[in-house]
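Please look it over as shown, and then follow the sections below.

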Amino acid sequence: TRLGLLRSEIVVDQQTHEQRRETLLAYYRALCVVESRFPISKQSGHIDVAFSWADAFKTNKRVSIANVHFEKAAVVFNLGASWSQLGLAADRATPDGIKTAAHAFQQAAGVFTMLRDDVLGKVSGVGGGDATVDLTEECAGMLVSLHLAQAQECFLEQAANQGLSLPVRAKIASGTAQCGQNAQRSAAGQNHRARSEERRVG
């Protein structure tokens, strides 16, 4: 099926960043169509199809959940990760590279915001309680702050290259520091949750 083909292309991951994002978006749209016609979950009368993904930060941990919202969350996470990888790969030694990185990090922050605010709340509703730690609102919030901080850092580099005044650069630097602090606080909370998960599993 086309749905299975799109998923295979995502899992194999042999595409360019742009191609991968197009495939992820196409698969997400297809999931939305399927969800409206054929509910997927372990509930009576629904289609029981399990989706399997590995934790982005602990790749040896893999879970399979019969929940289309879990699958959609994983797709959105990978979309944000693709933008992040594009930002990291950009050559920030050049003005164009800085612009590319800043744009990519902003896009990543927007995608992770969508993941946190619009997608993850539905994962736990139907058999998604065992989702990996990377697919939590806390982790998504940390990734939003982290990518905003990286975008701000690009703006600071751009300001320095353009010779903008010190007060302007100081304002940008302050925003960068604030985003970085938010990311650190989110990461600390995420680490606490991860340790709690390990104790519970053990």
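## Helix 2 and helix 3

Helix 2 crosses helix 3 in a left-handed way, where left-handed means that the near helix is turned anticlockwise from the far one by less than a right angle, and clockwise would be right-handed. Helices (H or I, at least four residues) and strands (E, at least two) are DSSP runs numbered from the N terminus. The axes of helix 2 and helix 3 lie 10 Å apart, at an angle of about 165°, which makes the two helices roughly antiparallel; that word is used for angles over 145 degrees, while under 35 counts as roughly parallel, 65 to 115 as roughly perpendicular and the rest as oblique. Axes are lines fitted to C-alpha atoms, for helices over the stretch in contact, with angles from 0 to 180 degrees between N-to-C directions.

Residues of helix 2 including Leu-24, Tyr-28 and Leu-31 meet residues of helix 3, among them Val-75, Leu-79 and Trp-83, a contact being heavy atoms within 4.5 Å. By class, this contact has 12 nonpolar, five polar and five charged residues, with Ala, Val, Leu, Ile, Met, Phe, Trp, Tyr, Cys and Pro counted as nonpolar, Asp, Glu, Lys and Arg as charged, and the others, Gly among them, as polar.

Residues are numbered from 1 along each chain as its sequence is written, and side-chain values use heavy atoms, with hydrogens and water left out.

The mean pLDDT, the predictor's confidence in each residue from 0 to 100, is 82 for the protein, and 87% of its residues reach 70 or more. Over residues 192–202 pLDDT stays under 50, and the model has four contacts beyond four places in sequence for them. Where pLDDT is low, the predicted coordinates should not be read in detail.

## Two further helix pairs

Helix 1 (residues 2–12) and helix 2 (residues 17–37) have axes that come within 9 Å and cross at roughly 145°, again in a left-handed crossing. Their contact divides into nine nonpolar, one polar and four charged residues.

Helix 4 (residues 95–119) packs against helix 5 (residues 137–161) at about 160°, with axes 8 Å apart, so helix 4 is roughly antiparallel to helix 5. This crossing is left-handed.

How values were computed: Predicted model: local features only at pLDDT ≥ 70, side-chain atom pairs only at ≥ 80, totals over all residues.
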